[in-house]
Amino acid sequence: MPIKQNFPITPMGSYPPEDVTFLLKDLSGVIEERGTEDREEAIQSGVHYSEMLPIEYKPTSEYMEVYQKALVEYAEKLAVAIGVVAEEILAKKGRNLILVSLARAGTPIGILIKRYLSFAYNLDAPHYSVSIIRGKGIDEQAIRYIKENHPDSQIQFIDGWTGKGAISRELTQACQNMNDKFGYHLDDSLAVLADPGHCSEIYGTREDFLIPSACLNSTVSGLVSRTVHNKAYISDQDFHGAKYYRHLEEEDVSNEFIATIVKEFPRAGRDIQTQLDKIRSEHTIPNWSGAACVKKIQVDFLIDDINHVKPGVGETTRVLLRRVPWKILVKDRYDERLKHIILLAKDRGVPIEEYKDMTYTCCGLIKSLRKKL
């Protein structure tokens, strides 16, 4: 049995405390960010991405315009997908459940699912946001805290969307490790709003479209940074860490995003049931077709590191916003869902190439900064 933990929970983020509890160590004023090129070089020379943070700037007016347009265009679609995911979670886990979102893209989705369950079923499900890091796993201390405080409840893990399924695989391995180590019975299923990678059992849609929160970073995720696991700041007894970006408070749209989608719930009921019936009547077992597509792209474009292939609209948007892009692949250059991708790519001078043989709507390829011998 795990040793009883007595972690002080430090309030973090710009969300109301009743929406989410971040199980994170506050590193504000402790860790410094690094520029995009500098950080990319460090990552490609072997430094783990979770040991440092990118600089987060005030979003430009152009990025905010992309976000606002996507929010107006997709608010109803998001509300329907949230309702579908929430209904599926409730059907599988029952009312005695704990929502555990994966920081940070999963956090607003977890809040929306919590809000839907309250709206539709008067159910106040506890909601925590925890760190999971590719190559390092989930924050074990955070899961131990949740299990000790809710020993008889069913945990449901939540994220925003799937790409090639790396986080799904990471979660499966982490749950298996903790089940073996502590005698838990963690369910490794990952509920996502959109599953274009075909690697989640619980999803609101498998359509590859822009979830507006992918346009922005902390300013739509409670002003919380990416999560950090660096032994210089995090001991074995600590939660993984993050920063609160106080300097971006005037740009924060986190709660506006939640309110906009929640406002759609009352008129989304019929569409939620229609989509739910459709998903339940179709084949929903993950076939990992997205992962196979990514491997083909890696071969076709002679890419050494598969982590430099970022499939899907959400991940491609993030590549353009915070990585060093090499090129953008699009299935159909004239697809209306790609308007913001085309705009951002042109803005950054990133070439766009049509690539028809693709599961996804688009894919971002990260530039290799290593010198070849």
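**Close-ups: salt bridges, cavities and cysteines**

**View 1. Asp38 and Arg34 pair up in a salt bridge.** Their closest N and O atoms sit 3.0 Å apart (a salt bridge here is a side-chain nitrogen of Lys or Arg within 4 Å of a carboxyl oxygen of Asp or Glu). Asp38 is partly exposed at 38% relative accessibility, and Arg34 is partly exposed too, at 30% (buried is under 20% relative accessible area, exposed over 50%, partly exposed in between, with a 1.4 Å probe and protein chains only). Keep in mind that this is a predicted model, where local features need pLDDT of at least 70, side-chain atom pairs count only at pLDDT 80 or more, and totals for chains, interfaces and linings use all residues. Residues are numbered from 1 along each chain as its sequence is written, and side-chain values use heavy atoms, with hydrogens and water left out.

**View 2. Lys77 forms a salt bridge with Glu207.** The closest N and O atoms are 2.9 Å apart. This pair links distant parts of the chain, 130 residues apart: Lys77 belongs to helix α2 (residues 61–93), while Glu207 is in the loop between β10 (202–205) and β11 (241–242). Helices (H or I, at least four residues) and strands (E, at least two) are DSSP runs, numbered from the N terminus. Shared partners join Lys77, Glu207, Asp335 and Arg337 into one salt-bridge network. The whole structure holds 24 salt bridges.

**View 3. The largest cavity holds about 50 Å³ of space.** Of its 13 lining residues, Trp161, Pro196, Asp208, Phe209 and Gly314 come closest to the centre. Helix α9 (residues 313–322) gives the largest share of the lining, three residues. On a 1 Å grid over the protein atoms alone, a cavity is a set of points where a 1.4 Å probe fits but cannot get out, and lining residues have an atom within 4 Å of a point. Points are joined across faces, edges and corners, and the volume is the space filled by probe spheres set on them.

**View 4. The second largest cavity has about 30 Å³ of space.** Its lining includes Ala105, Pro108, Ser213 and Arg318.

**View 5. Cys293 is in no disulfide.** For Cys293, the nearest cysteine sulfur is that of Cys363, 6.9 Å away. Cys293 is buried, at 8% relative accessible area. Cys362 is buried as well, at 0%, and its sulfur lies 7.5 Å from that of Cys363, its closest, so the two are too far apart for a bond.

How values were computed. On a 1 Å grid over the protein atoms alone, a cavity is a set of points where a 1.4 Å probe fits but cannot get out, and a pocket is an open set with protein on both sides within 12 Å along at least five of seven lines; lining residues have an atom within 4 Å of a point. A disulfide is a pair of cysteine sulfur atoms within 2.5 Å.
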